[in-house]
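Here is a short briefing to read alongside your model.

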Protein chains: 2
Amino acid sequence: MVDHNVTFDTVAKPVTVPTGTLLAEAAHLAGVEVMQPCGGQGRCGRCALQVTKGMIRRRSSLRLSPEDIEAGFALACQTVIEGDVWVSVPPQEKIERRLTTDRTVAEVEPPPDYDFRFSQPIRRLCLTLPQPSLEDQTDDWGRLQIALRQRLGVNHLRASLRSLQQLATALRQDNWEVTVVIEMLHEESGQPIEARLIAVNPGRCSGDEPLWGAAIDIGTTTVTLWLVDLVTGLVRAQVSEYNGQIARGEDVISRIVYSSKDGGSAEMRQRVLDTINNLLVTACKRVKAVTGEVVKATIAGNSTMMHLLLGIPALSIRLSPFITVVNDIPIQTAYDVGLNIHPEAIVDCLPGVASYVGADISAGVLSSGMDDTSQITLFLDVGTNGETVLGSRDWLVTCACSAGPAFEGAGVVDGMRATQGAIEEVWINSQTYEPTYRVIGGGQPRGICGSGLISLLAEAFMTGVVDKAGNVNLNLDTPRVRQGEHGPEYVVAWASETEDHQDIVLSHVDIDNLLRAKAAIYAGFTLLADSVGVPLESVEQLLIGGSFGKYINVEKAIQIGLLPDMPWERFKFLGNTSVKGAYLVLLDKNARQRLKEIASRMTYLELSADNSFYDAFMSALFLPHTDITRFPTVEASLVKKTNEPVQ
Amino acid sequence: MVDHNVTFDTVAKPVTVPTGTLLAEAAHLAGVEVMQPCGGQGRCGRCALQVTKGMIRRRSSLRLSPEDIEAGFALACQTVIEGDVWVSVPPQEKIERRLTTDRTVAEVEPPPDYDFRFSQPIRRLCLTLPQPSLEDQTDDWGRLQIALRQRLGVNHLRASLRSLQQLATALRQDNWEVTVVIEMLHEESGQPIEARLIAVNPGRCSGDEPLWGAAIDIGTTTVTLWLVDLVTGLVRAQVSEYNGQIARGEDVISRIVYSSKDGGSAEMRQRVLDTINNLLVTACKRVKAVTGEVVKATIAGNSTMMHLLLGIPALSIRLSPFITVVNDIPIQTAYDVGLNIHPEAIVDCLPGVASYVGADISAGVLSSGMDDTSQITLFLDVGTNGETVLGSRDWLVTCACSAGPAFEGAGVVDGMRATQGAIEEVWINSQTYEPTYRVIGGGQPRGICGSGLISLLAEAFMTGVVDKAGNVNLNLDTPRVRQGEHGPEYVVAWASETEDHQDIVLSHVDIDNLLRAKAAIYAGFTLLADSVGVPLESVEQLLIGGSFGKYINVEKAIQIGLLPDMPWERFKFLGNTSVKGAYLVLLDKNARQRLKEIASRMTYLELSADNSFYDAFMSALFLPHTDITRFPTVEASLVKKTNEPVQ
């Protein structure tokens with residue numbers, strides 16, 4: 001095997017790798033961050049680097065033009081090194097780090113019937129132990145057990161070896177005065193009372209210090225963490241950050257692909273742990289706590305996120321028959337999971353239902369309360385995976401469909417996430433076809449985010465810029481419709497108005513992706529309703545979860561056929577229902593029990609099991625739908641606006 | 001801080017250390033093994049190295065002669081480096097590695113009422129799981145749980161994250177045929193049945209493979225391991241090896257001192273783990289198993305050994321009021337303890353009673369059966385710590401005294417362990433004072449081991465070579481008594497007969513150390529009997545444990561006043577009672593319960609609590625005792641032999 005030097009223009013020293021090494025690997029070794037949104041499958045073209053000199057072999061050049069190749073551009077994930085190579089790293093879109101919420105005071109109230117002593121199992125005690133003497137030679141561990149038996153009736157105390165290793169020092173440091181944190185395991189009356197030691201800290205406690213817990217939602221895109229005072233139930237800090245795994249794939253499938261490569265699973269695990277651990281530092285700093293004081297964490301997330309967090313192989317999620325390794329994960333310690341909180345802290349990874357209906361959905365159902373209502377309820381998590389739950393307190397069915405990331409701004413030429421500079425709402429003048437738009441943070445636009453895309457597509461359809469099949473009408477009398485690089489397109493913003501001095505457009509390809517995303521979601525919930533024989537009209541409330549859901553304009557979402565055509569008052573936007581569910585479970589062991597019941601009650605409908613999903617999906621690939629009678633208010637508006645019957 | 005190079009003549013490259021570094025530390029860094037039997041306290045002089053050039057500072061030069069110092073010798077544990085230094089490493093006594101037993105077929109039978117299905121909690125099952133399909137999307141973990149519920153009624157299955165990480169691969173590798181090993185936790189009728197997953201291995205099992213367990217005794221000097229087939233209860237291999245910690249201290253106190261230094265605890269832990277892990281490899285090789293197939297270990301040992309094994313600070317054992325951190329250690333996994341068996345294997349560290357009455361003694365009581373007899377029984381573990389238990393099925397009292405290592409050949413000029421070349425028995429002609437001796441392995445003698453020392457001292461006393469105060473009678477008409485370097489001495493073997501061509505002697509100092517050791521043990525058990533008002537004569541059986549105990553000649557041990565003067569048929573030598581106890585617990589959960597009861601039933605008498613120990617000890621510092629009437633058979637022999645009354 002011959003070794004070669006690879007020199008990156010942004011790095012001082014070359015790295016040495018053997019013949020056949022992937023350029024992406026060499027970049028990784030050199031510390032050059034290369035985005036791989038498709039997970040290194042050579043699909044997205046985002047990892048292109050410019051090889052200015054040297055021998056390489058391209059396995060694939062998809063998404064590279066002949067000119068690109070001429071100029072030395074090569075896909076880092078598809079190019080192997082065969083000699084000394086010099087590489088120029090083009091300026092890349094940086095992952096913007098943004099805190100979606102920045103509140104220090106909670107907007108969330110603890111559950112009304114919440115009672116610290118009984119609802120959550122962690123207790124803190126201030127103990128002064130009798131000192132040992134020649135007359136009382138009880139061992140340290142026995143001394144602690146006796147005190148806990150006297151104070152709480154604990155008959156059996158568990159402890160890790162780590163706890164025992166630190167016990168002697170902790171007890172003696174402050175003269176046998178200690179603050180002890182334990183988890184009560186079994187305390188039914190009449191049964192032996194069992195507990196587990198979490199922490200023994202030297203020194204007396206005043207008794208009114210907070211006892212910290214963390215409720216965490218690991219989203220494919222965003223990780224959200226609430227820091228909670230377990231004594232009062234108050235949320236004391238709310239923080240969010242992009243999931244560090246994004247650089248290795250934007251959807252769960254890409255991440256599973258990446259994680260199945262050599263070392264990929266460990267890297268994915270470390271990336272999300274880094275994200276969570278950073279959030280913990282930020283949140284704790286805000287309340288002047290240290291992360292080691294956090295003694296419990298509850299974690300929700302889709303099944304892929306849970307598997308990647310725990311280093312459990314996720315491959316079976318992607319391959320037929322699409323099963324997880326584990327839906328209901330046994331309780332772990334922070335040490336084993338890798339969270340930088342107290343090593344003995346409880347980590348409760350909440351139970352999911354199936355590969356594509358994870359703990360984020362069962363937690364969402366819990367916090368939405370739909371499992372405890374008599375009303376027939378449709379719960380929709382609008383996101384990459386498009387999970388849906390239908391039911392009431394008597395029954396629950398669920399399904400998921402791969403909607404793709406279009407509504408999150410990915411897979412769309414000028415798409416972007418809902419950050420500074422994103423067009424989030426658009427109006428089109430039905431006479432002049434001139435648009436008006438609103439940009440997040442004001443200022444010049446840089447692209448269009450999910451809610452902007454929904455708004456834009458709806459307006460374009462309602463004004464006739466695109467027809468019901470999604471084709472741009474090039475016959476309109478406006479320079480904004482034109483033949484572009486990716487087929488017919490509509491110009492939303494001219495280069496002169498934009499930050500990058502390039503036109504922002506909605507292309508035929510973009511429309512195609514948006515249609516596919518909305519069709520998948522619509523097909524999902526309609527099939528689900530069909531499967532249990534419930535007509536959509538009889539759904540009494542429609543709950544929309546996911547932080548994305550907060551920004552959707554209902555009218556426009558109905559106009560493109562993403563949401564069903566129902567009275568607007570039946571829709572409720574709940575925000576991040578997943579982290580809310582994790583919060584409830586953190587505080588209340590009854591909520592934990594209820595969550596387990598929800599997960600086991602939900603009947604999962606596998607959409608890929610027969611052809612009906614394909615049929616429903618194809619029918620929904622129109623604006624708003626092949627069958628316009630399903631959208632009577634849209635039909636009425638079209639009649640009103642165009643003054644002619646829609647065919 | 002200035003750095004210096006330290007060059008050892010036995011090592012190719014110098015090591016670099018800052019000013020003030022201990023020579024012992026530099027040697028450790030360079031990989032030079034320096035014996036420190038006293039634990040680095042500067043007491044024993046065994047770590048002397050020769051500094052041929054360079055700046056050093058000696059904190060202490062105890063045990064070094066002015067000539068030694070002139071020649072550059074310095075105690076590695078007491079010498080700091082203050083400049084570039086060159087060191088010559090003198091040839092050292094190597095620790096001999098010897099297998100005390102080498103049997104492949106068991107001499108131990110499983111307990112008569114042993115029944116695999118009910119007595120020990122580990123089960124192995126051969127399972128063929130139904131394969132997942134689009135119709136049956138149960139997750140892997142749920143699939144396994146359902147199978148175990150159907151087969152064994154397990155309602156609740158625990159698993160570590162490590163097990164979950166490996167589950168998917170194990171299930172799929174052999175097409176959903178697996179061999180599962182679980183530990184049953186609660187299986188009382190009427191209660192939920194709980195279990196813990198130990199192993200999932202791909203492939204069908206025939207059902208008659210052995211299921212391996214290890215019973216381990218960690219002695220201060222020797223570690224013993226029995227490899228046991230948990231299905232049949234047969235001991236399939238017995239192996240022993242010196243405890244690797246010996247190089248850092250020969251008694252528990254030296255080891256505690258060493259372990260309290262920086263890095264000392266970790267080193268001590270690793271040393272004993274290395275010893276055990278090597279024994280596991282040897283034992284498994286003998287039965288053609290691999291260590292990963294061992295799924296349970298029970299460990300007995302004195303409290304210091306247990307603390308050092310687990311990395312729990314042992315300092316409080318040494319300091320008044322002499323308490324342990326933990327007597328009854330919660331169940332651990334092999335992964336946490338650091339044993340190279342199956343990472344999920346149960347490691348049950350057996351419960352001890354106090355700092356100086358450890359799990360080796362409670363296990364000894366269990367295997368001796370003294371807790372279940374109506375006879376008043378004295379159980380004696382003759383060793384460095386001299387533990388004693390007195391009682392019957394109705395009551396148990398225990399104490400320990402620091403006898404010192406004299407009976408193990410340490411602290412005696414020509415003392416050595418009971419290996420090849422050790423004089424193990426001596427007879428002295430009462431007319432000529434010429435000795436006859438037996439050497440282990442035949443051949444030329446190199447020194448005297450414990451049983452040899454007892455025999456020699458008894459003979460010397462009975463023939464008048466030493467008087468009852470232990471003084472050598474220099475007036476005898478033989479060149480074998482003489483004034484030596486360490487005071488009056490008796491020559492057992494002339495230089496011409498010995499391997500090292502040096503006289504082997506019993507010196508006044510040696511006799512002193514032996515008297516102290518036997519006096520401590522005698523004082524211990526007499527005081528213990530006194531404390532409960534039981535006259536020694538009413539002891540119906542006297543059980544002697546410890547592998548050392550096997551070699552003691554009862555008559556001689558009585559003659560020096562180590563054992564009480566009783567009819568010989570009351571003595572029973574049980575061998576290693578500690579590993580036997582561990583073996584019983586490995587197989588039988590009722591034995592485990594009984595052991596716990598034994599440990600909690602034993603009343604511990606702290607001998608340092610008042611002056612009576614000192615008084616009894618002083619009275620026993622004679623041969624056989626100040627009060628000769630306590631040893632009527634010895635008195636009678638003396639009268640017969642010398643034909644004159646003993647004063």
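Across the interface of chain A and chain B, the rule finds zero salt bridges, where a salt bridge is a side-chain nitrogen of Lys or Arg within 4 Å of a carboxyl oxygen of Asp or Glu. Please keep in mind that this is a predicted model, in which local features need pLDDT of at least 70, side-chain atom pairs count only at pLDDT 80 or more, and totals for chains, interfaces and linings use all residues. Residues are numbered from 1 along each chain as its sequence is written, chains are lettered from A and ligands numbered from 1 in the order in which they are written, and side-chain values use heavy atoms, with hydrogens and water left out.

**The interface**

- Between chain A and chain B there are 14 residue pairs in polar contact, both residues at pLDDT 80 or more; a polar contact is a pair of N or O atoms within 3.5 Å, where within protein one must be able to donate a hydrogen and the other to accept it, and residues adjacent in sequence count only if both atoms are side-chain atoms.
- Contact (heavy atoms within 4.5 Å) links 43 residues of chain A with 43 residues of chain B.
- About 3,300 Å² is buried between the two chains, with carbon and sulfur atoms giving 60% of that area; buried area is the accessible area (1.4 Å probe) that two parts lose on being put together, summed over both.
- On the chain A side, A:Q137, A:L161 and A:I323 lose the most area to chain B, together 19% of what that side buries.

**Cis peptide bonds**

- In chain A, the peptide bond from A:L623 to A:P624 is cis, with omega near -15°.
- A:P624 sits in the loop between α17 (612–619) and α18 (632–642) of chain A; helices (H or I, at least four residues) and strands (E, at least two) are DSSP runs, numbered from the N terminus.
- In chain B, the bond from B:L623 to B:P624 is cis, with omega near -15°, and B:P624 lies in the loop between α17 (612–619) and α18 (632–642) of that chain.

**Positive phi in chain B**

- B:K288, a residue other than glycine, has a positive phi near 60° and is found in the loop between α7 (264–286) and β13 (294–301).
- B:K288 counts as exposed because its relative accessibility is 79%; buried means under 20% relative accessible area, exposed over 50%, and partly exposed in between (1.4 Å probe, protein chains only).
- B:H501, also not a glycine, has a positive phi near 60°, and its place is the loop between β23 (487–493) and β24 (504–507).
- At 57% relative accessibility, B:H501 counts as exposed.
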